[in-house]
Protein chains: 2
Amino acid sequence: MSEAESSGPDGDGAGVEGTRAAAEPGGGDDSKHTLDTLGSVGELDALARIIPRLPPSEATMLGPGDDAAVLAAPDGLYVVTTDMMIHGPDFRLAWSSMRDLGFKAAATNLSDVAAMGARPTALVVALAAPAETPVSDLEALADGLREACAELAPGCGVVGGDLSVSPTLTIAVTAFGDLEGREPVRRDGARVGDVVAVSGPLGAAAEGLALLFERAVNGDGVPDARAAARLRSEHPVAVAAQLTPHPPIADGVAAALAGATSMLDLSDGLALDARRIARASGVSLDLDAAAVCMAAGVDASRLPHVIVGGEDHSLLATFPPATGPGQSLPGGFRVIGRVVEAGAEGPALLVGGRVFAARGGWDSFDEWSGGVG
Amino acid sequence: MSEAESSGPDGDGAGVEGTRAAAEPGGGDDSKHTLDTLGSVGELDALARIIPRLPPSEATMLGPGDDAAVLAAPDGLYVVTTDMMIHGPDFRLAWSSMRDLGFKAAATNLSDVAAMGARPTALVVALAAPAETPVSDLEALADGLREACAELAPGCGVVGGDLSVSPTLTIAVTAFGDLEGREPVRRDGARVGDVVAVSGPLGAAAEGLALLFERAVNGDGVPDARAAARLRSEHPVAVAAQLTPHPPIADGVAAALAGATSMLDLSDGLALDARRIARASGVSLDLDAAAVCMAAGVDASRLPHVIVGGEDHSLLATFPPATGPGQSLPGGFRVIGRVVEAGAEGPALLVGGRVFAARGGWDSFDEWSGGVG
């Protein structure tokens with residue numbers, strides 16, 4: 001977003017019709033602008049209206065406003081991750097407002113930075129939207145990015161980006177973090193005897209998604225904004241966990257400071273992500289069913305859903321046994337199991353000592369590639 | 001692309017039909033795999049086949065293979081830029097092979113890093129493609145990324161990414177660079193008396209695009225792969241300048257070392273980008289028509305096209321007068337004008353002392369938002 005140097009004429013293209021998540025107050029309250037679209041005002045004018053709403057980054061040495069930004073890496077290292085959200089596979093506009101999308105796009109990338117034990121410092125955002133997208137929608141998306149940074153990672157901000165037209169609304173975020181002189185917390189450091197712990201919700205995002213598919217649709221099964229609004233008021237926690245996740249970003253640094261031996265963010269579900277730690281570390285992770293249920297706040301009947309459900313973006317970590325049950329773990333971490341030696345089956349996920357074989361995990365290729373709402 | 005840990009079953013989805021740029025040799029030569037598509041094999045298996053083709057980065061301290069990569073910033077600073085390419089507004093599959101697209105996506109981001117006076121170190125690549133995209137196409141795109149890094153910025157590589165399904169082929173690249181202890185070369189440092197110089201082609205990419213629109217189409221004006229192949233053999237330089245630009249990446253560092261006072265990459269054309277330097281620096285840039293034509297390798301009748309044509313990704317810089325005409329400029333830089341005091345009209349682009357008013361520049365919103373080929 002370094003090119004906002006000239007302004008095109010104000011256009012008056014038509015707004016997008018259809019079943020859209022209700023706009024929240026705050027985005028695009030200038031009535032003169034409400035009918036402007038990305039196509040009618042053009043990239044440069046749209047950027048001139050978006051950029052002031054974006055959060056600044058304390059790591060910025062230069063930018064936005066040149067070919068590239070220059071960021072500080074005081075310890076000589078920086079953490080980088082990228083994640084893209086696509087209309088259709090990743091979200092429905094009947095369920096998510098543009099502000100929700102901005103919030104989630106930031107939150108999911110921040111959690112990957114946190115899972116390295118780093119403090120998030122900056123984002124760059126490449127946004128592609130249909131030409132008929134109201135500029136006020138782009139402003140709302142910027143507001144969501146700003147709110148996520150303010151709530152989850154104060155000091156982190158947007159240092160650059162790109163704005164394009166595309167038939168498919170697409171949000172690509174790259175996030176940066178500062179290890180502050182610490183070693184990164186990798187996924188391959190879990191050792192036999194460590195405790196397994198989680199910070200943040202377990203299974204809530206998947207529960208929210210299941211509720212949305214089941215109840216935020218009209219009679220024909222098509223995603224419906226009014227039904228989604230009703231569902232939000234009835235199941236605010238689960239729906240928010242899916243649409244505007246609040247990962248425990250600060251607990252990434254806290255875990256690193258407490259000596260976490262491995263960590264990752266639960267993007268694909270406890271089953272799949274715990275196996276990643278197990279395989280990378282050459283160990284098995286043995287979860288305690290009761291502890292998992294307690295951490296998830298559910299009864300035993302929900303255990304399988306909790307273990308396979310994805311998109312919580314909670315932090316899964318292992319800690320040396322000295323900080324085990326009865327001892328305090330950092331931040332919001334709760335013990336849910338132990339690291340044990342891999343058995344004959346090789347590194348695996350166990351529950352109560354028995355191999356948990358269900359694949360689980362979120363796969364947008366399999367599970368959400370149908371019609372777009 | 002940190003999640004390639006398991007493999008789905010090999011599928012046998014059908015290949016994409018239609019008028020496509022001819023596949024070049026080297027991508028997907030394993031016949032067992034030629035019918036695999038992104039949708040049939042899934043994200044993890046596709047990544048497992050793409051990742052080995054990606055170039056490594058010498059700046060990598062960790063990754064890919066975890067939640068995030070860790071990169072080195074030896075002087076405590078790093079340069080960041082991002083740019084997205086969208087099927088339709090930015091390219092036609094009848095004209096660009098997947099390898100071309102990978103090459104261009106890397107090259108255009110590398111030039112933004114170079115324009116800061118930095119050495120490119122790493123890329124992250126978020127790729128979204130239709131489910132029916134052959135995996136061999138994704139491999140070819142990876143080959144293009146690798147070749148661009150090898151040719152333009154040896155040592156630079158891909159340290160992470162994301163792979164998604166989308167109805168619209170979308171390539172979002174974020175590029176990183178190392179200032180190696182130097183100050184960044186900004187756009188606001190041009191001083192009266194400096195010489196204006198350019199390294200790389202001028203107007204060639206726009207000429208190539210005009211030729212493609214005119215002659216790489218069928219009788220109905222629809223982009224056509226066979227006509228594009230013919231055009232390539234007749235006008236290899238102009239077509240390559242548009243489809244696989246080779247910006248003078250190393251000249252970015254050379255310019256910084258030679259004391260460049262301002263620099264940017266010519267993404268939007270000489271007219272628009274020269275005005276950016278002029279406005280940011282509070283000066284005017286006065287181009288010498290004959291010198292511009294000589295630098296562009298064209299006669300005077302082509303001057304207007306050369307000045308407004310975009311997408312060359314050449315480097316435009318200003319240097320202190322001590323390095324002016326008769327003196328040697330670094331790398332491939334050639335003098336095309338002088339920095340002068342802004343006149344009554346304010347900071348402007350002049351040609352031969354007269355204000356050049358045409359807006360010029362590439363605007364995908366205005367000029368290329370029609371049908372997709």
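Start where the two chains touch: 100% of the interface residues of chain B are also interface residues in chain A, so the copies meet through the same surface (contact means heavy atoms within 4.5 Å). This is a predicted model, in which local features need pLDDT of at least 70 and side-chain atom pairs count only at pLDDT 80 or more, while totals for chains, interfaces and linings use all residues. Residues count from 1 along each chain as its sequence is written, chains are lettered from A and ligands numbered from 1 in written order, and side-chain values use heavy atoms, without hydrogens or water.

Now superpose B on A: a rotation of 180° with 0.0 Å of shift along its axis does it, at RMSD 0.0 Å (least squares on C-alpha atoms of residues with pLDDT of at least 70 in both copies). The two copies are thus related as by a two-fold rotation axis. Pick B:Gly76 next: within chain B, its C-alpha comes closest to that axis, at 2.4 Å.

Next, colour the open sheet of 7 strands in chain A, ordered β8-β10-β7-β11-β9-β12-β13 with mixed pairing. Helices (H or I, at least four residues) and strands (E, at least two) are DSSP runs numbered from the N terminus, and strands pair if DSSP finds at least two bridges between them. At the edges, β8 (262-265) and β13 (354-355) of chain A each pair on one side only.

Zoom in on β9 (284-287) and β12 (349-351) of chain A, parallel over 3 bridges. A:Leu285 has A:Leu349 of β12(A) as its bridge partner.

Finally, show helix α8 (270-281) of chain A, which packs on the sheet and touches β8, β9, β10, β11 (334-340) and β12 of chain A.

Technical notes:
Axes are lines fitted to C-alpha atoms, for helices over the stretch in contact, and angles run from 0 to 180 degrees between N-to-C directions.
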